[in-house]
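Try each task before you read its solution.

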Amino acid sequence: MKILRLLPVIAMIIFSTNVKAQFTQEPLPYAYDALEPYIDARTMDIHFNRHHAGYVKNLNNAVSGTTLEKMSLEDILVNVSQYDVAVRNNGGGHYNHQLFWAILTPEKNTQPSTELNNAITSAFGNMDELKAKLNKEAASRFGSGWAWLYVNENGGLAVCSTPNQDNPLMDVSSCKGIPILGIDVWEHAYYLNYQNKRGDYLNAIWSLINWKEVSRNYELALQEQKK
């Protein structure tokens, strides 16, 4: 009888260990200290394992038992105004950080593809002007948020900033399109190294941009807009 009473408990344990969360963090593509001296290992550890992990956990809790469990994150974000604020904040937090880790690299002097470089020249004049405009967006974002390079609805490049964990994919965003490069300007992204000197962080982060990945994002964004 005791064994019989335990069977439902055992079954629950077995079932729970085989259930996968809808959304998961991809591993960092480099070591925590790989981006030093621009971003220190402790900041990377805290940022990835606490902040980003928290967004993923809270997002899974927010979609649990709803139809959103079967949707892609991108499909959720494009109609995010229809859902609870927890989905907006944590879904944005997960998407934004996943993009952010991917567009950073310890590799030196990566270069944009010819196609992306031509698009940058067309939209901004040159790379230095793009950096200046994106830094201005990031520096002028009051409080927490992000600065974006994105492909707009006309297929051109544009820059903007968004508050909190919003991004251009969201229907609530004032700038709409597909992000290809995002810069995190929440204080937890830089405070241990730079304290309140956001401008120093913004100047330093350009040494880490993975232009190969940004170029890939650009190509995928153009393909997506053609659908």
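**Exercise 1.** What volume does the largest cavity have?

*Solution.* Start with the model. It is predicted: local features need pLDDT of at least 70, side-chain atom pairs count only at pLDDT 80 or more, and totals for chains, interfaces and linings use all residues. Residues are numbered from 1 along each chain as its sequence is written, and side-chain values use heavy atoms, without hydrogens and water.

Step 1. A cavity is a set of points, on a 1 Å grid over the protein atoms alone, where a 1.4 Å probe fits but cannot get out. Its volume is the space filled by probe spheres set on the points, which are joined across faces, edges and corners.

Step 2. Count. There is 1 cavity of 30 Å³ or more.

Step 3. Read the volume. The largest cavity has about 30 Å³.

Step 4. Find the lining (residues with an atom within 4 Å of a point). Among the lining residues are Y38, D40, Y190 and Y201. Helix α7 (residues 191-194) gives the largest share, 3 residues. Helices are DSSP runs of H or I, at least four residues; strands are runs of E, at least two.

Step 5. Sort by class. The lining has 7 nonpolar, 2 polar and 1 charged residues. Tyr and Ile count as nonpolar, for instance, and Asp as charged.

**Exercise 2.** In which order do the 3 strands of the open sheet stand?

*Solution.* Step 1. Strands pair if DSSP finds at least two bridges between them.

Step 1. The order is β2-β1-β3, with antiparallel pairing. The edge strands, β2 (157-163) and β3 (177-184), each pair on one side only.

Step 2. Check one pair. Strand β1 (residues 145-152) joins β3 over 7 bridges, in the antiparallel sense. There, W148 stands opposite G182.

Conventions: On a 1 Å grid over the protein atoms alone, a cavity is a set of points where a 1.4 Å probe fits but cannot get out, and a pocket is an open set with protein on both sides within 12 Å along at least five of seven lines; lining residues have an atom within 4 Å of a point.
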